[in-house]
Amino acid sequence: MNLRKQLKKDLGKRYCFKRYMTAGEVKKKLYGKAGYEERLVATLTVGCVKINAVIYFIDEEPQIGLDILVKDTPESEEWICYDTLSDEIKLSPRNIEQSMFDILNREVKEYGLSYTQCNFEVINGKSIKSE
């Protein structure tokens, strides 16, 4: 069993892939036929790390970017942007999840991240009290 399938089995509901745009919709956006608003293409959550494929614009030129997000604690509802990449992903329905997982897994290995634990030092700062 490959790593993605093993993590999917081990993490249960903490592994989640969602696709928000079809390959055809993405191509329309990339070739300038569908407006200039940013759009989420797909998201893959694997425990404490997440990757979002997003169409964004630089000088009115559409591109797909990949945002790597992490949690500071496994129970946290909030995600923290860790890195943004411009790797190419395969948009076909059968390959996009595996393509996103491969990129996410490379980043997890390269930067010592974890699918099941948060490896960040907790820094307590000032808290703001509401009036």
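Modeller: Among contacts (heavy atoms within 4.5 Å) in the chain between residues at least 6 apart in sequence, 46% join residues at least 24 apart. This is a predicted model, in which local features need pLDDT of at least 70 and side-chain atom pairs count only at pLDDT 80 or more, while totals for chains, interfaces and linings use all residues. Residues are numbered from 1 along each chain as its sequence is written, and side-chain values use heavy atoms, leaving out hydrogens and water.

The chain has 3 helices and 5 strands, taken as DSSP runs (helices H or I of at least four residues, strands E of at least two) that are numbered from the N terminus, and the order of these elements from that end is α-β-α-β-β-β-β-α. Of the 131 residues in the chain, 38% are buried, meaning under 20% relative accessible area with a 1.4 Å probe and protein chains only.

The strand to examine is E4, residues 61-70, which is largely enclosed by the rest of the structure, because 7 of its 10 residues are buried. Strand E3 (residues 49-58) pairs with E4 in the antiparallel sense over 10 bridges, where pairing requires that DSSP finds at least two bridges between two strands. Val70 in E4 is the bridge partner of Val49, and in the hairpin of E3 and E4, with 2 residues between the strands, Asp59 adopts a positive phi near 50 degrees. E4 is also joined by 5 bridges to strand E5 (residues 80-85), and these two run antiparallel; here Ile68 has Asp83 in E5 as its bridge partner.

Definitions and conventions: Buried means under 20% relative accessible area, exposed over 50%, partly exposed in between (1.4 Å probe, protein chains only).
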